[in-house]
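I opened a new model today and kept notes as I went. The entries follow in the order I looked things up.

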Amino acid sequence: MMNRFGNELPGVDIFVCTADPTIEPPIMVMNTVLSVMTYDYPSKKISVYLSDDGGSILTFYALLQASEFARFWVPYCKKFNVGPRSPAAYFASISQHETGESEEFLTIKKLYEEMEDKIETATKLGRIPEEAAFKHKGFSQWDSQNFSKRDHHTILQILIDGEDPDAIEDIDGCPLPTLVYLAREKRPQYSHNFKAGAMNALIRVSSKISNGEIIVNLDCDMYSNNSLTVQEALCFFMDEENGHDIAFVQFPQSFDNITKNDLYGGSMRTITDVEFYGLDGFGGPMYIGSGCFHRRDILCGRKFSKDCKFAWSRDDGHKRQQSLMELEDETKALANCTFELNTQWGNEIGLKYGCPVEDVITGLSIQCNGWKSVYYAPEREAFLGVAPITLAQSLVQHKRWSEGDFQILLSKYSSVWYGNGKISRGLQLGYCYYGIWAPNCLPTLYYSIFPSLCLLKGISLFPQVSSPWFVPFAYVITANYIYSLTEFLWHGGTFLGWWNEQRIWLYKRTSSFLFAFMDTIFKTDLDFVITAKVADEEALQRYKKEIMEFGVSSPMFTILATLAMLNLVCFCGVVKKVVMNENGIRHYYEIMACQIVVCVVLVLINWPLYKGLFFRKDKGKLPSSLMIKSFVLALVICNCFIFL
């Protein structure tokens, strides 16, 4: 590709978004930044933008250290064809024996460790070294006494200007990619629209600095795992016959910290390996917020037409008519709070506002305008991130996703009516499938409660074993789970991994989806919750051993513990009745076989909860107060139902 198109290759602007240095460690963010600076693509065509919505001087300090280390890391990666190109992942995956303990390897590792030590020391202390403040003019912008995370002016620093002939070069004398730090202005009286607002500010700022035709957005923990990803994505955009109607190319979200049996179902194996391929066949997948390549023009509102053509040439002359300082000062205004007032930003231009899943609603709007998308999952994962390592993190993340999808389903942008006649029926149904995640809590709660309660009271809900109507029930249950297991194993999972996924789906439906459903129906005002990327060392060790992490008390855990205790009480009550009645086993088997199966499966699937309530002594167990509360609630529910 590079030999064929040469200077006509499009510019690529890469957006990395972070928001809080306490739960998104700066060293992790810098590994992501460094990994995308080393793509096998012309350096002058790559620009990397770090959006720091936390406005943290620690993040800026870390980026400055990373920019210095990049002078050594970029040429090293290209010389030895390093993979992966996140320094932390690279050094963790390779031994010195594999490199022959070469001088180059030892040198680059030492430089990385020095950078890592500086960043982590500053992070732990909560401040930068005094001598560092005098080395770069950018630090002076944090001197204001009124500076706070939610109330500060715009900070824009171009650390490396790849367009400048006199810019910083690597140790081999080659140009480095453009590197920019942005902390957009925030004021309490203005809505900052979370990640969508940060992305839109980046789109405007980058249009003045590099104006790359392709925009890539990454979460701060999604480092590049394949140096050829840019070239692979451009193969779709630059296809002379079929590429002109493609708006974005979505790569799957993959993770490098998934345990063997995927304790929390974090790999989302069925979604990425089955469902998204199905959506691709109906006109393209949804935009899922990270690992996505966009055409800038389309994000900025370009309308679709059947004869549309894209040219890859840029007019960059205007950028060199001003100094770097002048460019920074002029561009800062594009990230101010008031810039979007009385404009179409967040509506017709950029990412859409007003929804927790701004990515999904933006992608749907683009597709409804006539554009297509592509789902591409190469054999070597393009990006690798950090999956939640505690149950609380996983449940909070899925609450946000399910709530956002449900809001879309009920809004004017619902695929049912907004997409009618604009996208294929299959794609409409695909969006609806994710939109009904939240209301899916209702039937799941019913099956988690009433079959067991009725079993305890002796009320039959399903056909008897001797009835011919029992066959359809048995067939549906058996066929569904055999198919699900076969599909999971076919795509590289394990039996225990499949069992873990069934458990997590039960937990999500009865907690995350329930709260998402209630918040949407009752229009509760919610703040955007960032999924933490760190945990203490003990929690990490338990995760590696696949021990479920609770550790805190929350309304979600109260519901899960109460449901688990309810089914255990019902199961024990039925066992007692069977033991005390000679004909009990035959009676319950013939009359209520389906309910027995449901109750037993629920007890088995909740085994980690019982361990956390009764047996575990570590910090990851459920609080003792929750054990008492859930037991009392379960007894009250059972007694009330029995005496009705």
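Entry 1: I started with leucine 461, which is partly exposed at a relative accessible area of 34%. My cut-offs: buried is under 20% relative accessible area, exposed is over 50%, and partly exposed is in between, with a 1.4 Å probe and protein chains only. The model is predicted, so I noted its limits: local features need pLDDT of at least 70, side-chain atom pairs count only at pLDDT 80 or more, and totals for chains, interfaces and linings use all residues. Residues are numbered from 1 along each chain as its sequence is written, and side-chain values use heavy atoms, with hydrogens and water left out.

Leucine 461 sits in the loop between α14 (441-457) and α15 (470-490). I took helices (H or I, at least four residues) and strands (E, at least two) as DSSP runs, numbered from the N terminus. With Tyr446, Tyr447, Phe450 and Ile459, Leu461 makes a nonpolar surface patch of about 430 Å².

**Entry 2: aromatic rings.** How many aromatic pairs does the structure hold? I found 45. Rings of Phe, Tyr and Trp (its six-membered ring) pair if their centres lie within 6.5 Å; planes under 30 degrees apart are stacked, over 60 edge-to-face, and the rest tilted.

I looked up phenylalanine 15 and tyrosine 49. Their ring centres are 5.7 Å apart and their planes stand at 90°, so this pair is edge-to-face. The pair links distant parts of the chain: phenylalanine 15 is in strand β1 (residues 12-18) and tyrosine 49 in strand β2 (residues 46-52), 34 residues apart. Phenylalanine 15 is buried at 0%, and tyrosine 49 is buried at 1%.

Next came tyrosine 76 and phenylalanine 80, a tilted pair with centres 4.9 Å apart and planes at 50°. They are four residues apart in helix α3 (residues 57-80), so about one helical turn separates them. Buried or partly exposed? Tyrosine 76 is buried at 8%, whereas phenylalanine 80 is partly exposed at 38%.

**Entry 3: salt bridges.** I counted a salt bridge when a side-chain nitrogen of Lys or Arg is within 4 Å of a carboxyl oxygen of Asp or Glu. The structure holds 21 of them.

Arginine 204 and glutamate 340 meet in one, at 2.8 Å from N to O. Arginine 204 lies in helix α6 (residues 194-209) and glutamate 340 in the loop between α10 (324-332) and α11 (358-368), so the pair ties together parts 136 residues apart in sequence. Arginine 204 is buried at 4%; glutamate 340 is buried at 16%.

Lysine 399 and glutamate 403 form another, at 3.0 Å from N to O. They are four residues apart in helix α12 (residues 391-410), so they are about one helical turn apart. Lysine 399 is buried at 15%, and glutamate 403 at 4%.

I then checked aspartate 618 and arginine 542, whose closest N and O atoms are 3.9 Å apart in a salt bridge. Aspartate 618 is in the loop between α20 (607-615) and α21 (624-642), arginine 542 in helix α17 (residues 537-544), 76 residues apart. Aspartate 618 is partly exposed at 28%, but arginine 542 is buried at 9%.

Definitions and conventions: Patch = residues over 30% accessible without salt bridge, like charges linked within 9 Å, V, L, I, M, F, W, Y side chains within 5 Å. Areas by Shrake-Rupley, 256 points an atom, 1.4 Å probe, with all protein chains shown as cover.
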